[in-house]
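Please read them with the coordinates open.

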Amino acid sequence: MAPDGDAAGRLFELRSEPTRDLAGQADTVAAACHAMAVRFHRGGKLVVFGTGGSSTDAQHVAVEFVHPVIVGKRALPAISLTTDVATVTGIAERAGVDAIFAHQIRFLADPADIALGIDADGHSASVLAGLEAARELGLLTVALTGGDGGVIAASKAVDHLLVAASSDPRVVKEMHVTTYHVLWELVHVFFEQPGVLGPGVVT
C-alpha cells in the first residue's frame with residue numbers, strides 16, 4: 001500500500017522547523033557572507049572541507065564559486081580539500097585522519113583566505129582541526145554544522161557558525177545545501193553593491 005498524504009505531510013513537517021530556524025539565522029548568514037565577500041574582494045580564496053557526505057558538499061561549494069551556474073555571475077576562487085585522494089590518504093596514513101585538512105591548510109592556504117568547514121553533527125575531529133589550523137594562520141573561519149553544533153560550535157576557532165537545527169542527517173544535509181547556496185548568492189549581492197566592500201577591489 002502506498003504511503004498516504006498524512007505520511008507525506010509528516011515528512012515535510014520534519015523539515016519545516018529546521019527551515020524556519022535557518023531563516024531565523026538571517027543576520028548571522030548575512031554577517032558571514034559580508035565577511036567572505038570582503039576576503040574575496042581583497043584577493044582571498046575559499047577553502048572548503050568536510051568528511052563523508054559533507055566531502056561532496058565541499059566539492060559542490062567549490063564548483064559553485066569557481067564555475068557559477070548563473071550566467072553573468074563572477075567566478076571566485078575556491079578549492080575543496082576532499083578531492084585529492086592521494087593527498088588525503090597519504091596524510092591519514094602518516095599523521096592520522098584528524099590531520100587530513102589541517103595539514104593541507106598549512107601548506108595550501110594563505111592568511112587572506114576563507115576556511116569553510118562542513119560537518120553534519122559538529123563532532124568531526126578532522127573538520128575541527130582544519131578550522132583551528134585556519135584560525136592559527138589568520139583565515140576567516142565559517143562552519144556549517146547540525147544538531148546542537150557539537151564541539152565545533154564550542155570552539156573559539158569559528159568566526160561564523162551556521163547550524164542546521166535537526167538531529168536527522170538527511171534534514172541536516174538538505175539545510176546545508178540551502179545554506180551554502182544562500183552564502184553563494186549573498187556574497188554576489190555584496191559584490192554588486194558599489195562601495196559596500198571598500199577600496200582595493202580585485203577584478
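1. I begin at the start of helix 4, where a side-chain oxygen of Asp 84 comes to within 3.3 Å of the backbone nitrogen of Ala 86. A polar contact here is a pair of N or O atoms within 3.5 Å; within protein, one must be able to donate a hydrogen and the other to accept it, and residues adjacent in sequence count only if both atoms are side-chain atoms. Helix 4 is followed by Gly 96, which has a positive phi near 100 degrees.

2. The model is predicted, so that local features need pLDDT of at least 70 and side-chain atom pairs count only at pLDDT 80 or more, while totals for chains, interfaces and linings use all residues. Residues are numbered from 1 along each chain as its sequence is written, and side-chain values use heavy atoms, with hydrogens and water left out.

3. The protein has 8 helices and 5 strands, in the order α-α-β-α-β-α-α-β-α-β-α-β-α along the sequence. Helices (H or I, at least four residues) and strands (E, at least two) are DSSP runs, numbered from the N terminus.

4. The radius of gyration is 17 Å, which agrees with the value near 17 Å that a compact globule of 203 residues would have; it is taken over C-alpha atoms, and the globule rule is 2.2 Å times the number of residues to the power 0.38. The C-alpha trace spans about 60 × 50 × 30 Å along its principal axes.

5. Helix 4 (residues 85–95) packs on helix 5 (residues 100–108) at an angle of about 115 degrees, with the axes 9 Å apart; axes are lines fitted to C-alpha atoms, for helices over the stretch in contact, and angles run from 0 to 180 degrees between N-to-C directions. Helix 4 and helix 5 are therefore roughly perpendicular, given that angles under 35 degrees count as roughly parallel, over 145 as roughly antiparallel, 65 to 115 as roughly perpendicular and the rest as oblique. Thr 87, Val 88, Ile 91 and Ala 92 of helix 4 meet Ile 100, His 103 and Gln 104 of helix 5, contact meaning heavy atoms within 4.5 Å.

6. The axes of helix 5 and helix 6 (residues 125–137) come within 7 Å and cross at roughly 25 degrees, and the two helices are therefore roughly parallel. Among the residues in this contact are Ile 100, Phe 101 and Ile 105 of helix 5, with Val 127, Gly 130 and Leu 137 of helix 6.

7. Helix 2 (residues 26–41) and helix 8 (residues 169–191) pack at about 60 degrees with their axes 8 Å apart, and are therefore oblique to each other. Their contact includes Val 29, Cys 33 and Phe 40 of helix 2 and Leu 183, Leu 186 and Phe 190 of helix 8.
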